[in-house]
Amino acid sequence: MLYYNQTVDETLKHVKVDGVHGLSGAEALRRQKKSGKNVLNVKTEPWWRKVLEPFLDLFMAILVGACLLSLIQKDHLDALIIVIIIGINATIFYVQRFSTEKIIRSLRQNTVQKITVLRSGKEVLISSEDLVVGDILLLAEGEKVPADCRVLEAKGVKVDESILTGESTHVAKHHRKLSGNLETYDQENMLFSGTFLISGSARAVVVGIGNQTEFGQIANLASESTHLSPVQQKINKLIKKVAIAVGILAVIVFALELLRGIDVASSLKFVMAMTVSAVPEDLPIAISIVLALGMRRMAKKKALVTNMRAIETVGAITTIATDKTGTLTENKLAVIETWSLAHDKNLVNKLLRFAAVTGEKVMDPLDTAMNEFAEMKLGKSVVGQPAHSFPFDQKLAMSGNLWHDGEKYRLVVKGAPEKIMERAHLNEATHKKCMTELHRLTSKGLRVIAVAHAVAAHNTGSLAKVVEDTKLTFAGFMAVADRLRKESKGAISAAKHAGVSVRMITGDHFETAYAIGRELGLVKDRSEAMDCRQIEMLDDEELKTAVQDIYVFSRVTPEQKFRLLSVLEQTNIAAMTGDGINDVPALTNAHVGVAMGTSTQIVKDAGDIILLDDNFKNIVEAMREGRVIVANIKRMLMYLLSTNAGEALTMVGALVLGMPLPLVPVQILWVNLVTDSLMVIPLGLEKAENNVMKHKPKPFDAPLLSRSMATRMILMAVTMAAIVLTVFWYYQQFFPFAVASTLAFMALVVAQWANALNMRSNFQSIFARLRTINPILTISLVLAIGVQLAALFTPLGHFLHIVAVPPDALLMVCAMSFVIPIIVVECHKYAISYLNKK
């Protein structure tokens, strides 16, 4: 129902209430039983689905299958390790899910307050939760509006709607009927839940409660969107391919073993062991540890991460959609400049003190800004209290103060330039001069307010009467704006330098938004800005095309912001920044939601990352950290997949070549669960490479591993398999099978150590990378060597089928297995560098 299109009487009739006496207690109770309390109810999933959800993931399904294979194989220790990994990953998922649902809990716990209402003709205080449609509210200055209301009577009412619309300018309210289909920010006879009365008092009737309010609609939007991060989606896609490959390979190996005359039981046992080793089951926990440590580093840089997966995603973002108010700006109104018509260029500055409301209870930010500017320009001065303060008059479009001036009075007013210039009766030349200056100021995106003064004979108590009886003398203009943060322009430039586009989404008027966009370097001309009142005429495909080259969006409602983010995410990995309730749906819909530290708790809960000092430039720091983490996740993937593939190729190669199998199942599991685990996490803690912020982000649909990475991974797998098979074949000619098998086992382990060092950089030589110290990798490598020596020279070797080997043969095998993989990868890096230069 469009209540703003109705008169006061029509609204009262529609909600069935007497505007003088209000509802009776019995009627209010009846309505509450029918419609419920004034609280938000957000849809949630059933508990059983929440419990099962982490186990429905493809990666987890593979791990469960691997665990079952280990149990069938009666390798209970291996099965136990996999169960522990599954449990840890499920726990991490539940923690992430809990943090997401904090949004819903915060929305439900929206501040409960005591409200004055009319019940049976009497003013009574009730809880905001007990409001029903039809209740008559009595609201005073400073109070929060508890429900959506139609204004019945307004006395100098100005409302702060920035928490809902994103506009820092306060909105004057009245009771008159409006026409047309209006957006939230144009409904001047409506009060919305969650907004605040900055000045004046109002009588209003409740027309919407709970989920039927604008605030409730935002809550519904916030609960609609839950999705995996883009990086996680790509990992799942890659693992799905690995699963298919492992399945095909298992069938091939099983068939080859049967053809070799090996019995079914032994063949099945080996295939199961190889299948378990081929699945990188320690990858999820390794990624989680790397992300957790990344959270700690980012917290030191004033960026608090509430959702671990956001760290990996922020490193892959291709566009930042940012709110303006409180994010790029300080969310504090300031007088930017003044212009005086008279020869006294300080006249407007002098009058500001007398036009503003003074005293301890100044609530209007415009009055605060005027007092601060006057003090800055003219120094501190005590002006006392006016004889009378006039609140904003809608018809006159001005407000002011009346001061004692000898036996008479001096009136100082501020208001709409056109109205004040009209009342001042300027001559044509002066009017033209003023209009030229007005155009100059508005073209900068500034809000312009005129200042005038007059001598009054009497204090009538009515602004309209005083203005009618006097002739205003036009003084000049003051231009005000929400001041930009000093670091915003530099941060935007840094993001663009890193290949990430920045889009400003605001509820401001087009001209204001465009001017700010130009000042920040977001746009160069009007074709790169859009008035979002146009998008209602566009379907999603048309909007998708239209927004590609748009970097400033004005007059945006919360629903439109949600839709814009949804469209941008079809072709981008998007981050959204914001600080108001109006940003909640978009924050939860974005791949990465970035909330400001001074936001309300609801907004903070909606964000994946909270900027503790509200500094936009920290988004760039978060991007840098995210890129480092994404690069390290790729290193871990390349290492695990190349080593696992090397093990599998070794087994398949032996079967194809008609050789005995060089490794027994327990050795494969040792390499997979001990050697790999010690190396993979340190690789995830590598420091940033020099070019981390110098390259553009990968396209939205680009594979996680590039062609050169995939090539290197395959090259390493083939190299490791060739080394192990060569060592086994050669030493089998001179030594018993057990000795050749032990040397082949050592060759595989040492080759994996070399592989870990190779993976430290995707483009730097291993020797250049040695200058960047990774102490955790160094410690892990020493520990891995120690554990392997223990397996070789202690009774532990008996369980791994390891025997004593000639020292010279051991040294030769270890040296060859370490050097050859390094030479192969160094040649590959050189070739890629050469091709890229061409």
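Analyst: Relative accessible area sorts residues into buried (under 20%), exposed (over 50%) and partly exposed in between, using a 1.4 Å probe and protein chains only. The model is predicted, so local features need pLDDT of at least 70 and side-chain atom pairs pLDDT 80 or more, whereas totals for chains, interfaces and linings use all residues. Residues are numbered from 1 along each chain as its sequence is written, and side-chain values use heavy atoms, leaving out hydrogens and water.

User: What makes lysine 465 and aspartate 469 a salt bridge?

Analyst: The term requires a side-chain nitrogen of Lys or Arg within 4 Å of a carboxyl oxygen of Asp or Glu; the closest N and O atoms of this pair are 3.9 Å apart, so the pair qualifies. Both residues belong to helix H16 (residues 463–469), where being four residues apart separates them by about one helical turn.

User: How do you know whether arginine 119 and aspartate 135 are buried or exposed?

Analyst: Arginine 119 has 15% relative accessibility and so counts as buried, and aspartate 135, at 0%, counts as buried too. Their side chains meet in a salt bridge with an N to O distance of 2.9 Å.

User: How do you know what span helix H23 should have?

Analyst: Helices are DSSP runs (H or I) of at least four residues, numbered from the N terminus, and the expected span is 1.5 Å times one less than the number of residues. For the 40 residues of H23 (617–656) this gives 58 Å, and because the end C-alpha atoms are 58 Å apart, the two agree.

Definitions and conventions: Helices (H or I, at least four residues) and strands (E, at least two) are DSSP runs, numbered from the N terminus.
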